[in-house]
Amino acid sequence: MTEIWQWIHELLPWFDGAFASVVIILIKAIALVIPLMLVVAYFTYAERKVIGYMQLRIGPNRVGPKGWLQPIADALKLMTKEIIFPSKANIYLFFLAPVLAIAPAIAVWAVIPFDEGLYVANLDVSLLYVLAIGSVGVYGIILAGWASNSKYPLLGALRSASLLVSYEIVIGFALVTVVMIAGSVNLNAIVMAQQGGLLNWYFIPLFPMMIIFFISALVETNRAPFDVVEGESEIVGGTHVEYSGMAFAVFFLAEYANMIFMAVLAVILFFGGWHSPFEGIAYLEYGFAWVPGIVWLLAKSSFFMFLYLWVRATFPRFRYDQIMRLSWKIFLPWTIVWIFVVALMTQLQLGPWF
Amino acid sequence: MLSIGKKKMEFDQILFYVFSFWFVVASLAMVFLRNAAKAVLFLILAFFSAASIWILLEAEFLAITLILVYVGAVMVLFLFIIKMLDIDKSALRAKFAGYLPLGLMVAAIVVVEMVMVLGYNQFGLEAVPEPARHAADYSNITVLALQLYTDYVYAFELAAVLLLIAIIAAITLAHRNETNRKSQSVSQQVNVKARDRMRLVLINSKNSGESDD
């Protein structure tokens, strides 16, 4: 990297100081956001196809070969649609809400390590940053519900606020166990601590925490079977009822960006991040040494993204009070018990993890 | 990476003034706005600005915790309650003139106290020198954790127990009279069998066919 900087320095002597750092941060951000938006677009296509096949349908197959251009057509349609707002709505907050939903969903990607040394920012407290910025995302939904000045959005927002606050506690406790084993709140350090093959990954000592994290991630991203915030059969479309066109599309983008983020975070915390599963196995390790780490990370995340769709096609929606009970009476005690179990395992120096 | 030096410091200063500006503007807006929901949003902006200034001071943990606890949880509950409230503004403004002298007096006392405690004599560069920049591998959270769990462990544990007592007290207060509480019996719901809910009746199809005619 330093040679490249030297070269840029000699070529463009004025490219230095504050201006240069801002430009470089912007370039990094764009290099992250554009692929993310493409993945979101094709994730919606994958969702329709996967759920389609699970329900013995074909799914979208009209636009382009095998329907590959369907997400592009959807985006164009949403962009050209009229944006309607209720006449009694609070107009500023009504349009601030989608912005507040998408901004944290993108900002949270800044600290994700895609490969060794491949990140936008190597924050010392990156796991806490993820939790903090993730918790800001709820404002988009709450404000959308409040500013719409309409009944169903308000109900959706009330459900969302209480659900998100409850499940943030569960996720926080589940992540404490990861931090206890890794000995760091830096995502880079957490991935580095899982080096050395499949058996060193944290999903083995933290198996119940991984399950709890995944289910809580479903709630945090308003996914089925916990999508009571926008439950169509109960409250029409929840917080999205009054939104149309691009304003709705922004909420949609934020939800899917969050889903992909949760999948990537699960891989980083429990499945060794960018590490190859064949590390430490005699021949396979060298045979697969040429595969870049980001490929492993994305492959493992794709499995979790597929799980989201699988779960959605399988389970009926939970009732609101059942979700609350799951959080406070089942998950929270389990996480606290497992914190003590992990403390015990740490003292006993169990396995390759500690 | 880049040549750091005087220019980096300048950039820090620009950031400091930008965040301070928004901090002051957001705080004023929070106090003077009449719409409670907007006031909460400006308070959130003030928290974000404060957190950014703390990050410039290399206190990442404190900054992130401010956002996590106050913005992520406390302010959500504030908005939650504001949505439920139907605030009668005329009643709030009715006694404004009557309370004005008392309010001004309290405000003046607070300002004088803050100037005395936080004024230039106490917090100027002469009184408190500029904190030294830490090395790149300095970990704010590690230093804080070591302090909390060694030097201040008793105070830390005591605070934790105090908070636990507060939680239990709040829950007990809210659940004193359990006369008309509605709750689900989960074990009954889980153990329900299909035959308890539904009765299958065999209807003779021949007879029903005849009656149609």
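Over which residues of chain B does pLDDT stay under 50? The stretch is residues 1–6 of chain B, for which the model has five contacts beyond four places in sequence. Here pLDDT is the predictor's confidence in each residue, from 0 to 100, and two residues are in contact if their C-beta atoms, placed from the backbone, lie within 7 Å. Where pLDDT is low, the predicted coordinates should not be read in detail.

The structure is a predicted model, in which local features need pLDDT of at least 70 and side-chain atom pairs count only at pLDDT 80 or more, while totals for chains, interfaces and linings use all residues. Residues are numbered from 1 along each chain as its sequence is written, and chains are lettered from A and ligands numbered from 1 in the order in which they are written. For the complex, the predictor gives an ipTM of 0.79 and a pTM of 0.83. The mean pLDDT of chain B is 81, and 88% of the residues score at least 70. Helices (H or I, at least four residues) and strands (E, at least two) are DSSP runs, numbered from the N terminus.

The contact between the chains takes 25 residues from chain A and 25 residues from chain B. On the side of chain A that touches chain B, two or more residues come from each of α2 (17–54), α5 (126–136), α6 (138–147), α7 and α14 (320–348). Of these, α5(A) gives the most, with six residues. By class, this side of chain A has 17 nonpolar, three polar and five charged residues. Ala, Val, Leu, Ile, Met, Phe, Trp, Tyr, Cys and Pro count as nonpolar, Asp, Glu, Lys and Arg as charged, and the others, Gly among them, as polar.

Helix α5(A) is largely enclosed by the rest of the structure, because 11 of its 11 residues are buried. A residue is buried if 20 or more other C-beta atoms lie within 10 Å of its own, exposed if 12 or fewer, and partly exposed in between, with C-beta atoms placed from the backbone. The cover over the buried residues of α5(A) includes α4 (91–107), α6, α7, α8 (187–193) and α11 (245–270) of chain A, together with α3 of chain B.

The axes of α5(A) and α3(B) come within 8 Å and cross at roughly 25°. Axes are lines fitted to C-alpha atoms, for helices over the stretch in contact, and angles run from 0 to 180 degrees between N-to-C directions. The two helices are therefore roughly parallel; angles under 35 degrees count as roughly parallel, over 145 as roughly antiparallel, 65 to 115 as roughly perpendicular and the rest as oblique. In this pair, L128(A), Y129(A), L131(A), A132(A), S135(A) and V136(A) meet I64(B), I67(B), L68(B), V71(B), G72(B) and A73(B). The contact of α5(A) with α3(B) has 10 nonpolar, two polar and no charged residues.

Helix α7 (residues 151–182) of chain A also packs on helix α3 (residues 60–84) of chain B, at an angle of about 155° and with the axes 11 Å apart. The angle makes α7(A) roughly antiparallel to α3(B). This contact is made by L154(A), A161(A), V165(A) and E168(A) of α7(A) and by G72(B), A73(B), V76(B), F80(B) and K83(B) of α3(B). Its residues divide into six nonpolar, one polar and two charged.
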